[in-house]
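Q: I am new to reading strands and sheets. Can we go through some together, one feature at a time?

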Amino acid sequence: MDVKTLHQLTLKKIKPSLVFFCFLAFLPACRQEHGIRNLVVHYHNGRAETLSFESDADPAGFRLIRSGEMETYLLGEMVSSGKAIEFIPAIPFQPGQSYEVHRDGQKIGGFIISDPTGKGSPEVLQFYPTTDSVPENLLKLYIQFSMPMQEVGHAVDFIQVRDKSEGQPVDIFLHLESELWNKEHNLLTLWLDPGRIKTGLIPNKAMGLPIKAGHSYSVRISPEWKSATGQPIGEGYQKTYYVGAGDRARPNPADWKLQPPKGNSKDPLKLSFPEPLDAILLPESFHLQDGEGRNIQITFQLGPHETSIELLPLNNWKKGSYTLLIDSILEDLAGNNISRLFDEELQGGNPDSRVSEVEQLDFTIE
Amino acid sequence: MMKKLLFGLAISSLLLLSLSATTSNTSPLKKDFITSDPGIASVDQLAFGPEGILFIGDSETATVFAIDTKDLESNAAGGEISIEGFDGKIAASLGTTADQIAITDMAVNPVSKAVYFSVKMMDGTPVLLKLKDGALENVSLKDLSYSKIELADPVAVGAVDHRERPLRIWAISDMQFHNGKVLVSGLSNKEFGSTFRSIPFPFADTQDYASLEIWHAAHGEYETHAPIKTFDVIQLDSKDYIMASYTCTPLVLFPLDELKDGTHTKGRTVAELGAGNSPIDMISYEKEGKKYFLMSNSNRPVMRIKYENIAGFQESLTTPVTEFATTEGVAYDNLPFPYVLQLDNLDPENVVYVQRTAEGDLVLKSRTVKWM
């Protein structure tokens with residue numbers, strides 16, 4: 001058994017006993033005939049999913065209520081088998097909340113749910129792009145957190161962007177009801193309002209580009225932003241971007257520098273770009289084949305400021321010819337991809353069903 | 001004789017009712033439904049179909065679920081609703097506080113007139129609640145009779161062989177059931193593009209998607225990038241149209257019969273309702289023989305537009321709005337209801353809405369359409 005597992009087991013065992021002490025503290029207030037015994041909160045995958053206790057009284061008379069709440073009882077299911085009673089709340093008991101068991105309008109027991117993860121405060125691991133200099137038609141920002149973040153409220157309410165050149169807070173992001181988080185809810189995609197970036201659209205005409213060339217902007221994360229278990233970041237994270245001229249050219253693989261590794265080694269295959277590319281799309285946009293068209297398994301390592309990427313083989317490179325396939329969805333910071341500019345009209349076509357174009361670079365490993 | 005006949009009719013309709021209640025899964029619409037845990041990860045959009053079928057738009061798994069609520073008791077009216085501190089009441093019933101929950105959508109079952117709410121917890125746990133006779137009930141999302149369809153990317157022609165593409169993030173922005181089809185507007189995180197899907201129900205093995213392209217007034221060309229925020233289906237001169245709206249509030253009409261698989265439909269901008277605003281919900285209703293359209297907004301009051309004005313507006317706005325936040329196009333009235341966050345038809349005579357009041361309270365209220 002490793003240390004982590006042991007720790008988890010300890011946590012599981014300690015929590016119910018903590019709960020039991022809380023209950024004992026409340027017990028003298030209750031009438032003995034309606035008393036409850038062996039109050040235990042049961043955790044599953046770190047979530048407080050059920051409450052069990054024993055009582056001689058009719059199970060239908062028990063109610064659960066959040067401490068401090070006056071009238072609304074918890075939704076859930078009360079099941080019983082003899083004297084053993086189990087309450088399954090509609091959703092697990094929430095970390096940081098305390099609850100009471102009521103009968104005939106009187107409190108007869110209580111318990112507190114602590115943060116079951118024990119992981120502490122979340123951190124901002126990275127802002128993408130990581131570079132400090134961005135074009136005025138920058139399309140996306142990504143924020144990588146160390147753990148899943150709260151799913152309630154709007155992310156943009158926890159991010160303050162300030163035009164440092166003018167000393168003013170500015171609203172640059174597209175407000176979406178359904179925010180663009182990854183499945184783990186620890187990577188957030190923020191669009192700088194595309195309607196303001198595309199020339200000719202009403203938002204662009206009315207308000208201009210979200211960020212202006214020659215200005216610098218600070219992106220500040222509120223310490224109040226919480227993890228999914230309610231722990232605030234607590235620390236202010238900030239990144240400053242300096243805005244330069246717009247990028248109105250497609251990334252062109254012909255301009256990229258490819259450094260083949262040596263044969264019979266595990267050296268990286270390095271690909272350098274004249275500009276930073278999209279950090280999240282980069283590792284998804286390459287595919288390697290050998291001379292016979294067989295796929296080669298590779299892993300990726302982003303270079304500084306996303307201006308290069310290293311492709312690492314699982315086994316030693318074999319000598320011979322290779323083809324690097326590049327998906328045309330790969331974008332630069334302004335959302336220009338290999339086959340089209342972001343600020344360009346599409347001639348019909350559902351963006352979903354457009355043919356995915358593939359560019360290729362051929363090279364030899366010697 | 002007449003009495004007996006009526007009695008007999010009543011008996012047989014009772015029999016029919018009980019038959020339909022006990023054998024609901026034999027309904028052609030529910031024939032593919034299975035009972036298990038559907039694996040719903042988030043409930044972002046709700047839309048009712050017939051026979052108590054509730055469509056759930058799950059952005060996290062990019063899936064539309066059709067669930068059988070078995071809520072088939074027919075009611076002509078929804079009854080009066082007035083609940084103050086509504087978010088606090090929901091939170092308390094889930095064992096938490098109002099700042100730890102979000103109401104993501106609201107929909108009324110047209111059969112029972114019960115109001116359903118989707119709620120998201122701090123860690124994303126989805127909850128489905130039903131308001132019936134003033135009390136909240138939990139609708140389990142774990143043990144359900146359902147069918148589903150994934151909004152998977154169509155396989156890209158010419159893509160490299162069997163390449164595993166990372167799952168795209170889908171944000172389902174609005175959803176509605178109309179005339180045998182689930183209409184879904186959405187947005188993806190990677191290639192910025194608005195998509196609009198028309199999915200036949202019962203869900204088929206093969207996905208039959210159609211697409212829409214957005215006509216932006218100021219641009220004068222087709223625009224595939226603006227995400228639809230909300231839409232409704234409206235009927236003008238016996239023809240169905242999608243009425244869609246976007247951030248900065250253009251109102252655009254698309255003929256529904258032109259939505260066919262693989263085709264792209266031209267829209268017509270009939271109003272520009274102001275920059276610095278996002279539309280939230282749309283509904284239509286009838287009052288004294290006339291049809292009206294309502295739209296709630298993030299930074300503007302609920303707007304009311306007469307159908308006859310939409311039908312009579314034959315132009316397409318093609319000139320840019322030059323002054324910030326000015327409006328153009330079809331005439332509309334501002335109703336005295338700001339910050340309406342959820343809006344739906346409760347029954348033919350009433351609407352139901354969730355509103356943030358000037359005092360900061362969140363209220364759930366019904367209101368007769370006479371006063372809308």
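Q: In which sense do strand E27 and E28 of chain B pair, and over how many bridges?
A: Keep in mind that this is a predicted model. To read a pair, look for the sense and the bridges. Here, E27(B), residues 340-347, and E28(B) pair in the antiparallel sense, over six bridges. Take one example: Asn345(B) has Val351(B) in E28(B) as its bridge partner.

Q: What joins E27(B) to E28(B)?
A: A hairpin does, and it runs through two residues.

Q: With which other strand does E28(B) pair?
A: Follow the chain to E29(B), residues 362-368. E28(B) and E29(B) pair over seven bridges, in the antiparallel sense. In this pair, Tyr353(B) has Lys365(B) of E29(B) as its bridge partner.

Q: Which residue in the hairpin of E28(B) and E29(B) takes a positive phi?
A: Gly360(B) does, with phi near 95°. This hairpin has five residues between the strands.

Q: Why is E28(B) called largely enclosed by the rest of the structure?
A: Count its buried residues. A residue is buried if 20 or more other C-beta atoms lie within 10 Å of its own. E28(B) spans residues 350-356, and six of its seven residues are buried, so the strand is largely enclosed.

Q: Is Lys205(A) buried, partly exposed or exposed?
A: Lys205(A) has 18 C-beta neighbours inside 10 Å, so it counts as partly exposed. Lys205(A) lies in helix H3 of chain A, residues 202-207. Now compare sequence and space: Gly195(A) is 10 residues from Lys205(A) in sequence, and their C-alpha atoms are 9.3 Å apart.

Q: What is the strand order in the open sheet of four strands in chain B?
A: Read across the sheet. The order is E22-E23-E24-E26, with antiparallel pairing. The edges are E22(B), 279-287, and E26(B), 333-334; each has a single partner strand, so one side of each is left without a neighbour in the sheet. Next, look at one pair: eight bridges join E22(B) to E23(B), residues 290-297, and the two run antiparallel. There, the bridge partner of Ser284(B) is Phe293(B) in E23(B).

Q: Which strands form the open sheet in chain A, and in what order?
A: Four strands form it, in the order E1-E2-E5-E4, with antiparallel pairing. E1(A), 37-44, and E4(A), 76-81, stand at the edges with a single partner strand each, so one side of each lacks a neighbour in the sheet. On average, neighbouring strands of this sheet are turned by 20° against each other, direction ignored.

Q: How many bridges are there between E1(A) and E2(A)?
A: Six, in the antiparallel sense; E2(A) covers residues 47-54. Find Arg37(A), and opposite stands Glu54(A) in E2(A).

Technical notes: Residues numbered from 1 in each chain as written. Chains lettered and ligands numbered in written order. Predicted model: local features only at pLDDT ≥ 70, side-chain atom pairs only at ≥ 80, totals over all residues. Buried ≥ 20, exposed ≤ 12 C-beta atoms within 10 Å, placed from the backbone. Pairing = 2+ DSSP bridges. Axes fitted to C-alpha atoms, helices over the stretch in contact; angles between N-to-C directions.
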